[in-house]
Amino acid sequence: MTASADPPARARPSGRLRALGAAAVLAVLLAAEGCAGLGEGRGPAGADAAAAAAIGAAGAVSAGSATRGDADYGDADSDRARIAAIDPFEPLNRGIARFNDTLDRWVFRPVAVFYDQYTPEVFQMIARNVLSNLLDPYIALNNFLQGKPGAGFNDLGRFAFNSTCPSSVRPTFATDSDSASTPMQP
């Protein structure tokens, strides 16, 4: 009779390493979500101004919250300690922001510019349609959770139809005045 050997225990990464890994995953997801963007003036009308206003307001709120208190703060070390107590994740946030900016500048923006300038419009339309089709189950789930089963089944049916029938043999049912999909409500 032989004793069964347990597999060796894997060493768990330290808390700091796990936080760094989670931050890297989050940064990649945020960058993939829209950091490359369309560029200034290419989005919906007023989107650039609204984004700038929101960022400015958020900065003013955080700057105001960081400067409350007595006028005599003491030396720089106590200021850093006070700010660290207000936002303990500031170093991590700054690192993630630097990572996002670098990844955006050297990877996502050049890819987006190349795609925009050199990919034929028909291929861009195909990519938009495929990605739009992949969102239909998510939109259907959202509709079900909002108590709109008719819209949810409509989106699931569209997803099934678009996924199984090639576009070269199916008719187009939506006209310019029809909605191609149910708009998702927040």
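Reader: What does the secondary structure come to?
Author: The protein chain has six helices and zero strands, where helices are DSSP runs of H or I with at least four residues and strands are runs of E with at least two, numbered from the N terminus. This is a predicted model, in which local features need pLDDT of at least 70, side-chain atom pairs count only at pLDDT 80 or more, and totals for chains, interfaces and linings use all residues. Residues are numbered from 1 along each chain as its sequence is written, and side-chain values use heavy atoms, leaving out hydrogens and water.

Reader: How many residues count as buried?
Author: Of the 186 residues in the protein chain, 11% are buried, that is, under 20% relative accessible area with a 1.4 Å probe and protein chains only; exposed is over 50%, and partly exposed lies in between.

Reader: Turning to α6, how many residues has it?
Author: Helix α6 (residues 149-164) has 16 residues and reaches 22 Å from its first C-alpha to its last. That is close to the 22 Å expected at 1.5 Å a residue, the expected span being 1.5 Å times one less than the number of residues.

Reader: Which residues are buried in α6?
Author: They are Ala151, Gly152, Asp155 and Arg158. Seen down the axis of α6, the buried residues fall within an arc of 125°, so they line one face of the helix; the arc is taken from the directions from the helix axis to the C-beta atoms.

Reader: And what is exposed on the other side of α6?
Author: Gly150, Phe153 and Thr164 are exposed there.

Reader: What covers the buried residues of α6?
Author: The cover includes α5 (121-145).

Definitions and conventions
Contact = heavy atoms within 4.5 Å.
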